[in-house]
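Subject: Structure handover

Hi,

Here is the structure I said I'd pass on. Have a look at it first, and then read my notes below.

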Amino acid sequence: MTALKAIMRRDIAIALRVGGGALIGVLFFLTVVVLMPFAVGPDLQLLQRLGPAILWLGALLASLLTLDRLFTADAEDGSLDLIAMSRTPLELTCAAKALAHWLAAGLPLIVATPVLGLLLNLDGSASLAVMATLLAGTPALTFTGMIGAALAVTLRRGGLLLAVLVLPLAIPVLIFGVAASQAAIVGPVPFGTPFSILCAISLMSLVIGPFAAAASLRQGLD
């Protein structure tokens, strides 16, 4: 546990430093949300209807933008080989790194949602509903994206591979995240149905992601 805490502290510090990637994700999220009203037009009702989808799409793209840094720092300084050879199971290490990435890059997106919701004509209850769905769904984006990041870090030109692998896996999260947000705001589908499925996807990714990422790293480092 001490080793895992040290890894989490190190990854959070790397992500929060200048050029670490966490701030880039938040700025990209802000850019997407700010530009959308110019594209949609001055129709406030339409903007309010599209608001949850815009917030979720921005969060998805911002998460994808920072995923390639999940194992990059370890690969660049050679510590990835040491992590793979340590006595700590690689699966637990991958889970700790993914949790640290979510705390540094995913949680700020959730915190920024109420402020950005004002730009999309969302009231307080609607913004809280979107926050709840992002809190339940963004861990799935991180833990499934970790699989693509593990493959990309061991291959040349892995950035393109990361997008190709992660986007199909993220589509169900996007669908049920937007559906849950819309159900909480306008209905008629009960909020609990898509929200429960979203939580189930996150729990499933929490179980499968570390094992798949560890297997990818072992295969790539051999």
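A quick definition to start: a crossing is called right-handed if the near helix is turned clockwise from the far one by less than a right angle, and left-handed if anticlockwise. Helices here are DSSP runs (H or I, at least four residues), numbered from the N terminus. By that rule, H3 and H7 make a right-handed crossing.

Before going further, some housekeeping. This is a predicted model, in which local features need pLDDT of at least 70 and side-chain atom pairs count only at pLDDT 80 or more, while totals for chains, interfaces and linings use all residues. Residues are numbered from 1 along each chain as its sequence is written, and side-chain values use heavy atoms, with hydrogens and water left out.

Back to H3 (44-67). Its axis and that of H7 come within 10 Å and cross at roughly 30°; axes are lines fitted to C-alpha atoms over the stretch in contact, with angles from 0 to 180 degrees between N-to-C directions. H3 and H7 are therefore roughly parallel, a label for angles under 35 degrees, with over 145 counting as roughly antiparallel. Contact means heavy atoms within 4.5 Å, and among the H3 residues that meet H7 are Pro 52, Trp 56 and Ser 63. The residues of this contact divide into 11 nonpolar, six polar and no charged. For those classes, Ala, Val, Leu, Ile, Met, Phe, Trp, Tyr, Cys and Pro are nonpolar, Asp, Glu, Lys and Arg are charged, and the others, including Gly, are polar.

H7 (residues 124-153) also packs on H6 (residues 90-119), at an angle of about 155° with the axes 9 Å apart. That pair is therefore roughly antiparallel. The contact includes His 101 and Trp 102 of H6, plus Thr 142 and Phe 143 of H7. It has 14 nonpolar, six polar and no charged residues.

H6 has another partner, H1 (residues 2-16): their axes come within 9 Å and cross at roughly 35°. This crossing is right-handed. Asp 11 of H1 and Lys 97 of H6 are among the residues in contact, and by class there are 12 nonpolar, one polar and two charged.

The volume, the space filled by probe spheres set on the points, is about 40 Å³ for the largest cavity. Its lining (residues with an atom within 4 Å of a point) includes Gly 25, Ser 63, His 101 and Thr 142. H6 gives the largest share, four residues. The lining divides into three nonpolar, six polar and no charged residues.

Cheers

Conventions. Helix = DSSP H or I, 4+ residues; strand = E, 2+ residues; numbered from the N terminus. Parallel < 35°, antiparallel > 145°, perpendicular 65-115°, else oblique. 1 Å grid on protein atoms, 1.4 Å probe; cavity = no way out; pocket = protein on both sides within 12 Å on 5 of 7 lines; lining within 4 Å.
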